[in-house]
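Welcome to this short tour! Please open your viewer, and get ready to select a few things one after another.

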Amino acid sequence: MVTVGFVVEGPSDEMLVNSKSFQDWLREDCGLVVSSTVNAGGNGQMCSSEITAFVRKLRRTASPDRVVVLADLDPELCAPCITKRKERIGQESIDLILIARKAMESWFLADTEAMRRWTGDHVFRERRPEAPPGMPWDRLKEIGRHTGRGPGGKIRFARKFIRDHGFDVRRAAEHPDCPSARYFVERLCALGAD
């Protein structure tokens, strides 16, 4: 087994990486074991001048074989494309950088099964989860208004969506219009095979 440490952008990403279902999948299908997760505390901390300290801390405290950074593209706040976002993060002592297009909430939108559980709408399907007008969180709030199941705050929603509605990034990766989730799944499994 290959140990992997994650540096993540915020609480939602941390909840995903620390969830039992995610860690079971990594271990069983990818040959990876999560040694530790460091929450960088937001987009502003995900640049090369700041992230180096998080990576060093992770390597010092958990000694993972590999370090993975998970961040949002968040084009309105930082980088217009994935390449520029990765450049902003830097590569020093990082084995893999994975970027959710716009934000990780787009992966929530792409998991049709979990969205159907949350909305109570058994025919729900988000056509373009990575390309809603505005940010994916705004789209989730809009869906919540229409279904009468408002998401509440981001952290609370992420916790419930992962735990109670069974969010699975592999299902998001199967959505035909969610390439960043597909890349995330493929690259993590490849990392375990290296």
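A disulfide is a pair of cysteine sulfur atoms within 2.5 Å. By this rule there is one disulfide here. Before you look for it, note that this is a predicted model, where local features need pLDDT of at least 70 and side-chain atom pairs count only at pLDDT 80 or more, while totals for chains, interfaces and linings use all residues. Residues are numbered from 1 along each chain as its sequence is written, and side-chain values use heavy atoms, with hydrogens and water left out.

**Stop 1: the disulfide**

Select cysteine 30 and cysteine 189: their sulfur atoms are 2.2 Å apart and form the disulfide. The link between cysteine 30 and cysteine 189 is left-handed, with -40° about the S-S bond. Because cysteine 30 sits in helix α2 (residues 20–30) and cysteine 189 in helix α10 (residues 179–193), the pair ties together parts that are 159 residues apart in sequence. Helices and strands here are DSSP runs numbered from the N terminus (helices: H or I, at least four residues; strands: E, at least two).

Are these two cysteines buried or exposed? Buried means under 20% relative accessible area, exposed over 50%, and partly exposed in between, using a 1.4 Å probe and protein chains only. Cysteine 30 is buried, at 5% relative accessibility, whereas cysteine 189 is partly exposed, at 23%.

**Stop 2: two other cysteines**

Now select cysteine 178, which is buried at 0% relative accessibility. The closest cysteine sulfur to that of cysteine 178 belongs to cysteine 189 and is 16 Å away, too far for a bond. Then click on cysteine 81, which is partly exposed with a relative accessible area of 31%.

**Stop 3: the sheet**

Switch to a cartoon view and find the open sheet of four strands, ordered β2-β1-β3-β4 with parallel pairing. Two strands pair if DSSP finds at least two bridges between them. At the edges are β2 (32–39) and β4 (96–100), each pairing on one side only.

Next, highlight β1 (residues 2–8) and β3 (residues 66–72): these strands run parallel and are joined by five bridges. Within them, valine 7 stands opposite valine 69 of β3.

**Stop 4: helices on the sheet**

Contact means heavy atoms within 4.5 Å. Axes are lines fitted to C-alpha atoms, for helices over the stretch in contact, and angles run from 0 to 180 degrees between N-to-C directions. Finally, return to α2: this helix lies across β1 and β2, at about 140° to β2.
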